[in-house]
Amino acid sequence: STDGSYYIVVGEGQENRYKQVIVVPSFHEDLPVKEIGDNAFSNGNYAQVILQEGITKIGNASFDDCNYLTEIHLPTTLKSIGYLAFGECMFASITLPEGLEFIGESAFYRCINLQELYIPENVMMIEDDLCYQCTSLKTIEVSPANANYVSKDNALFTKDMKQLMIY
């Protein structure tokens, strides 16, 4: 971070370049790891990514074009997912944590294996084209307690039903 109080992961490092499983820890050198930086793991060959508790933000295109990524574990502390964060990943489902507040534009762009998506209660903002070209997406559900979004007939709408987000 700019003030030196926490770490932002900016890449996987040479020793992790060809690993199948990446675990991003909660702490590094006695400081918390709070963010995954923009493009940090893009174009990686990972099958599984585990983000440990404490991480609050996944930056833009952080895992974009990870064509082998079939499993991702997100921490309950996550608040924000950036633009194209998981573009072209191969997971069939993803569990978004209840504390998530923001999902950036095209966050799941061309996740062609994604079959279901559940929007948790605290999501306040979903930008456009959330699941653009997610050709296997069959089920979209929203927490009944979400104040901003609703699902009806497997489509995602703003709560007032004035804007169709995904169909």
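Predicted model: local features only at pLDDT ≥ 70, side-chain atom pairs only at ≥ 80, totals over all residues.

## Aromatic rings

Let us start with the rings. A pair of aromatic rings is described by the distance of the centres and the angle of the planes. In this model there are seven aromatic pairs. Take phenylalanine 41 and tyrosine 46: their ring centres are 5.9 Å apart and their planes meet at 80°, so this pair is edge-to-face. Both phenylalanine 41 and tyrosine 46 are buried.

Now compare that with tyrosine 109 and tyrosine 132, a stacked pair with 5.9 Å from centre to centre and 10° between the planes. Tyrosine 109 sits in the loop between strand S9 (102-103) and strand S10 (116-119), while tyrosine 132 sits in the loop between strand S11 (125-126) and strand S12 (139-142), so the pair ties together parts that are 23 residues apart in sequence. Tyrosine 109 is partly exposed, at 23% relative accessible area, and tyrosine 132 is partly exposed too, at 42%.

Some rings also gather into a group: Phe41, Tyr46, Phe63, Phe86, Phe91 and Phe108 make up one aromatic cluster. Elsewhere, a charge meets a ring, with lysine 34 lying over the face of tyrosine 6 at 5.4 Å from the ring centre.

## The nonpolar core

Which residues have the most contacts inside the largest nonpolar core? They are Phe63, Phe86, Phe108 and Leu130, in a core of 45 residues. Strand S2 (21-24), strand S4 (31-36), strand S5 (48-51), S10, S12 and strand S15 (164-166) are the elements that give two or more residues to this core.

Apart from neighbours within four places in sequence, leucine 130 is in contact with Ile103, Gly104, Ser106, Ala107, Phe108, Tyr109, Leu117, Ile119, Leu156 and Ile166.

## Strands side by side

Strands of a sheet pair through backbone hydrogen bonds, either parallel or antiparallel. S10 and S12 run parallel and are joined by four bridges. Glutamate 116 stands opposite threonine 139 of S12.

Four bridges connect S13 with strand S14 (residues 155-158), and serine 151 has leucine 156 in S14 as its bridge partner.

Is serine 106 buried or exposed? Serine 106 is buried, with a relative accessible area of 8%, and its place is in the loop between S9 and S10. Leaving out neighbours within four places in sequence, serine 106 touches Leu84, Asp128, Asp129 and Leu130.

Glutamate 141 belongs to strand S12 and is partly exposed, at 44% relative accessible area. Beyond its neighbours within four places in sequence, glutamate 141 is in contact with Leu117, Tyr118, Ile119 and Ser151. The C-alpha atoms of glutamate 141 and aspartate 64 are separated by 24 Å, and these two residues are 77 residues apart along the chain.

Conventions. Residues numbered from 1 in each chain as written. Heavy atoms only, no water. Phe/Tyr/Trp six-rings, centres within 6.5 Å; stacked < 30°, edge-to-face > 60°. Buried < 20%, exposed > 50% of the residue type's maximum accessible area, 1.4 Å probe, protein only. Lys NZ or Arg CZ within 6 Å of the ring centre and 35° of its normal. Core = buried A, V, L, I, M, F, W, Y, C linked by side-chain atoms within 4.5 Å. Contact = heavy atoms within 4.5 Å. Pairing = 2+ DSSP bridges.
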